[in-house]
There are 2 protein chains.
Amino acid sequence: MKKYNFGAGPCILPREVIEKTASAILDFNGIGLSIAEISHRSKDFQPVMDEAMALVKEVLNVPEGYSVLFLGGGASLEFCMIPFNFLVKKAGYLNTGVWAKKAMKEAKLFGEVVEVASSAGENYTYLPKNFDVPTDLDYLHVTTNNTIYGTEYHKDLDVPVRLIGDMSSDIFSRPVDVSKYDCIYGGAQKNLSMAGVTFIIIKDDVLGRVQREIPTMLDYRTHIKKGSMFNTPPVVPIYTALENLRWIKANGGVEAMEKLAKERADIVYGEIDRNKLFRGTVKCEEDRSYMNICFVLNDEYAELQDEFFKFATERGMVGIKGHRDVGGFRASCYNAMTVEGCKALVETMKEFEARH
Amino acid sequence: MKKYNFGAGPCILPREVIEKTASAILDFNGIGLSIAEISHRSKDFQPVMDEAMALVKEVLNVPEGYSVLFLGGGASLEFCMIPFNFLVKKAGYLNTGVWAKKAMKEAKLFGEVVEVASSAGENYTYLPKNFDVPTDLDYLHVTTNNTIYGTEYHKDLDVPVRLIGDMSSDIFSRPVDVSKYDCIYGGAQKNLSMAGVTFIIIKDDVLGRVQREIPTMLDYRTHIKKGSMFNTPPVVPIYTALENLRWIKANGGVEAMEKLAKERADIVYGEIDRNKLFRGTVKCEEDRSYMNICFVLNDEYAELQDEFFKFATERGMVGIKGHRDVGGFRASCYNAMTVEGCKALVETMKEFEARH
C-alpha cells in the first residue's frame, strides 16, 4: 500500500533526495567511499558545503552581507545562541506557541524580554496582529509557522525593529524578504533535510554588539569565520540538504513551492470546511498554516477519534495524529507532499463521512 | 582499485554498517518509509534510540547510575557544556594537544582552570605522566587519544579526583573503567557513527552542584530527563551508531576491538621502525596511539614527501596526509580498518623503500 507521510517532522522528503542520499552513502560520486566516511575537509566534501550554502542564498534571494551556516544542535540550541549573540539589553518575543515560548524562556537568562503579543490565552488558535512594538528592542523574535497549532505568518512582518525568525517549519515554502531579518534559523528536518543539521542565515555586521563572553561554539562569528567548518559539521545531513535544495531549484524555487503549498492547503482545508464531521482548529482563516493543517472532529462526532485514526492509517495516511496540546488530527504538508497525497486524504475523509 | 580509508575522521565504518544505513534510508524495516523521514517520537524510532543507549552500556560495561545521551553539536560543544555543568570552582586539564587546549579554553569562562600537566613545549610528542593532581579539583579533564599527534592513554588514569574524558577518537576501541569518570563524551565520527551525533556517558548524581543558570539545551539534566528526546535528535546518525554498536558486539566487543587495534598498530609501527625512510613522531613507545599512527620521512629523505603521498594514493591509500601541525603522514586505524588494509600500507612503504 502506498503511504502518504503527513508527519510533522522529521518528515517527508522528495523520493529523489532520499535515493540520492542512499546512493551517496553507498558510494559518493563514484569515488569508492561513502559520504559518511569522508573527511569534511576533503576535496570531495568542500564542494557539497559550498554549493549548499550558495543554493540557500540563491533560492531565498539572500542579499549581500549575510552568511549561511549549517550547524548541529537543532533550533532549540539556537534559542540560547540568539540572545547570547544578539540580546544587548532588551528583546521582544511574539508568544505564538510552545516553541516561541521556549525561545523566550532562554532569552530571559540574558536580558530583559518583552512579550510583545501573545495568543496563549486562547491556546494559540490565532496569530497576534496589530500589536505595538517598542522601538528600543534589540530584535523582535517571531516563530513564523507554529507547527503544533497550525498557524503561520504568510508574509514577513512590518515592524519598526529588526526581526529574528524561527522558520523551522516553513522555510523554503515561500519567498522571504531576508533583508528584514538579522537572523533566520531553523532545524532542517521539515523542508530542508533529515534531522541533525540547523540552518542559520545571519547578517554579518550585526554581530559583536554584546559585551558578554560567548563560548566559542555558541558564537556565530566562530562559524562564519570558518565557513561552518570550525568543528566537524554533520556531513550527511548537509549532503541531503544540498540534494533537497537542488530539488527545490529544479522544481521552480520557492515561488513554485508557495503555489503548491496553497494548492495543497486549499484541497485539505476545503474538505475540512465542507465535511460535516470535522472542523479546523485555527480561528482566523488567514492564520491557517499551509504546512501544518490541524483539525478535530466536531463535538457531536468526538467519539469517532480513534476510529478515524485507524481508518486513515489503513488507507496509508501516516503521522496524522494531532499534537497532544491540540488533539485531533494534523496533516503536515511540507514541500515534498504531493497534491495526490492531499487528494488521497480528502478521499479518506469523504469515505469516513459517508459511513457516519 | 580497492581503497583503504586511513582518514582521521569522519572515517572508515564497517561496510555492513554503511549498507544497512543506505538500506534504512531507502526503506526502514520494510515500513515503506525512510529512516530519514520518520518521527523521532514514532514507535519505529524509539526502539532504535533505546537499543543504541542500551548497547553503549552493554559494550562498555557501564555501571548503574550513569545515563547515555546522543546529542547534536559535536564534542566541541561539550567543551563548554562540561564546565557549564561540572565546574563549581576549579577544574584541572591535561594539555595533551589542540583539542585538549580548546576544551581548557572554554572552561576558563566558568572558573579557575589548572593546567595539571602539559606536553605543549615539545609539540605534544609525548603524554605527561607522574604529574601531581590537586585534590580540590572538581574534575580532571583528559583527552584520552590525541588524534592530531598520535598519542593515547591506553589505560584509564589513576588520579585522586574524578575524571572527565574526551574519548572522541578511541571510544569503543578498548575496555574502559567507566566508574572512574563523571563523564565520558565524544564526537561519533570515528568509532561510532557518521558525523552529526555526540555521545555522552554521564554520572547522574554529580549534576546540579553548580549554582549558575544553564541554558536549557546546555544542561545535561534536560537531556537525561527526556531520554535524549528533548528536541529532535539526529535520527539517522543515531541509527548508524546503533548498527555500528551491533557490529562491535557481534565482533567480540571492545576486548576484541582492543586486540585488533594492537595487531594493526604492531603491523604499521613495526614497518615504520624497520623502514629506513620513515620514523614515528611520538617519543615514547608506550604513548603511541593505536588509532592514529603518525610518521614522517627521515631527514635525509624529507624531499620524498610529495612523492610518497602520490605513490601511496595511487595504491589506494586514502587520507594518510598528516595534520599540518605535525606534517608527514598519519594512518588512522579505527575499528573498521582491517589487518589487510594495514598490510597493504606496509607493502606500499616497502615498495617505496625499495625504490630509494
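Predicted model: local features only at pLDDT ≥ 70, side-chain atom pairs only at ≥ 80, totals over all residues.
Which residues is A:Arg41 in contact with, leaving aside its neighbours within four places in sequence? I started there and found A:Met229 and A:Phe230.

I then looked up where A:Arg41 sits in chain A, and it is in the loop between α1 (15-26) and α2 (46-60).

Next I checked a helix pair, α3 (residues 75-86) and α4 (residues 98-107) of chain A. Their axes come within 8 Å and cross at roughly 40 degrees. Angles under 35 degrees would count as roughly parallel, so I logged α3(A) and α4(A) as oblique to each other. The crossing of these two is right-handed. On the α3(A) side I listed A:Ser76, A:Phe79, A:Cys80 and A:Pro83 as making the contact, and from α4(A) come A:Trp99, A:Lys102, A:Ala103, A:Glu106 and A:Ala107. Sorted by class, I get six nonpolar, one polar and two charged residues for the contact of α3(A) with α4(A).

**Entry 3, a sheet in chain A.** I moved on to an open sheet of three strands, with antiparallel pairing and the order β11-β12-β14. Which strands are at the edges? They are β11 (278-280) and β14 (329-332) of chain A, each pairing on one side only. Direction ignored, neighbouring strands here are turned by 35 degrees against each other on average. I zoomed in on β11(A) and β12 (residues 292-297) of chain A, which pair in the antiparallel sense over three bridges. For A:Arg279, I noted A:Val296 in β12(A) as the bridge partner.

Helix α7 (residues 253-274) of chain A lies across β11 and β12 of chain A, at about 10 degrees to β12(A).

Last stop was chain B, with α8 (residues 305-314) and α9 (residues 339-355). The axes come within 10 Å and cross at roughly 135 degrees. Roughly antiparallel would need an angle over 145, so α8(B) and α9(B) also go down as oblique to each other. I marked the crossing as right-handed. From α8(B), B:Glu307, B:Phe308, B:Phe311 and B:Ala312 meet B:Thr348, B:Met349, B:Glu351, B:Phe352 and B:Arg355 in α9(B). My tally for the contact of α8(B) with α9(B) is five nonpolar, one polar and three charged residues.

Terms used: Residues numbered from 1 in each chain as written. Chains lettered and ligands numbered in written order. Heavy atoms only, no water. Helix = DSSP H or I, 4+ residues; strand = E, 2+ residues; numbered from the N terminus. Contact = heavy atoms within 4.5 Å. Axes fitted to C-alpha atoms, helices over the stretch in contact; angles between N-to-C directions. Parallel < 35°, antiparallel > 145°, perpendicular 65-115°, else oblique. Left-handed = near helix turned anticlockwise from the far one by under 90°. Nonpolar A, V, L, I, M, F, W, Y, C, P; charged D, E, K, R; others polar. Pairing = 2+ DSSP bridges.
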